[in-house]
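Here is a note to read with the model open beside you. Take the points in order and find each residue as you go.

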Amino acid sequence: MVAIRGVVFDLFHTLVDTEHVRPPGYHATSPIAELLDLDLVPFRRWWDSTSYERETTPVDLVDVVERYLD
């Protein structure tokens, strides 16, 4: 058995930023906007404005999107 010398955890883009491996112009909200037939630009702007809330509090992403739809 090999002794484990260390374990590395990447806590949400701390070491590896997945944004750099996505195609140019890709935004995570594009599939949501397309599925719900929303205008991407205003939805993306709103989504970006809620990033602090989504990243620092326990929220249900469906609830967040429903808030936008309301």
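The points below go from the overall fold to single residues.

1. **Ground rules.** This is a predicted model, in which local features need pLDDT of at least 70 and side-chain atom pairs count only at pLDDT 80 or more, while totals for chains, interfaces and linings use all residues. Residues are numbered from 1 along each chain as its sequence is written, and side-chain values use heavy atoms, with hydrogens and water left out.

2. **Overall fold.** The protein has four helices and zero strands. From the N terminus, the order is α-α-α-α. Helices are DSSP runs of H or I with at least four residues, strands are runs of E with at least two, and both are numbered from the N terminus.

3. **Surface and burial.** Of the 70 residues, 14% count as buried. Buried means under 20% relative accessible area, exposed means over 50%, and partly exposed lies in between (1.4 Å probe, protein chains only). The accessible surface is about 6100 Å², and 59% of it belongs to carbon and sulfur atoms. These areas come from the Shrake-Rupley method with a 1.4 Å probe; for residues, only the protein chains shown count as cover.

4. **Contacts along the chain.** Take contacts between residues at least 6 apart in sequence: 20% of them join residues at least 24 apart. Contact means heavy atoms within 4.5 Å.

5. **The core.** Which residues make up the largest nonpolar core? They are A33, F43, W46, W47, V64 and V65. α2 and α4 (61-69) each supply at least two of its residues. The largest share, three residues, comes from α2. A nonpolar core is a set of buried Ala, Val, Leu, Ile, Met, Phe, Trp, Tyr and Cys residues joined through side-chain atoms within 4.5 Å. In soluble globular proteins, nonpolar side chains tend to be buried together.

6. **Aromatic pairs.** The structure holds five aromatic pairs. F43 and W46 are stacked, at 6.2 Å centre to centre with 25° between the planes. They sit three residues apart in helix α2, so about one helical turn separates them. F43 also pairs with W47, and this pair is tilted: 5.8 Å centre to centre, 40° between the planes. Here the spacing is four residues in α2, again about one helical turn. F43 has a relative accessible area of 0%, and both F43 and W47 are buried. Ring pairs link F43, W46, W47 and Y68 into a cluster. Rings of Phe, Tyr and Trp (its six-membered ring) pair if their centres lie within 6.5 Å; planes under 30 degrees apart are stacked, over 60 edge-to-face, and the rest tilted.

7. **T50.** Is T50 buried or exposed? T50 is buried, with a relative accessible area of 6%. T50 lies in the loop between α2 (40-49) and α3 (51-56). Its side chain reaches the backbone oxygen of W47 at 2.9 Å. A polar contact of 3.0 Å joins the side chains of T50 and R54. A polar contact is a pair of N or O atoms within 3.5 Å; within protein, one must be able to donate a hydrogen and the other to accept it, and residues adjacent in sequence count only if both atoms are side-chain atoms.

8. **R54 and V64.** R54 lies over the face of W47, at 3.9 Å from the ring centre. For such a charge, NZ of Lys or CZ of Arg must be within 6 Å of the ring centre and within 35 degrees of the ring normal. Leaving aside neighbours within four places in sequence, V64 contacts W46, W47, T50, R54 and V59.

9. **D37.** D37 is in the loop between α1 (30-36) and α2. D37 has a positive phi of about 55°, although it is not a glycine. D37 is exposed, with a relative accessible area of 70%.
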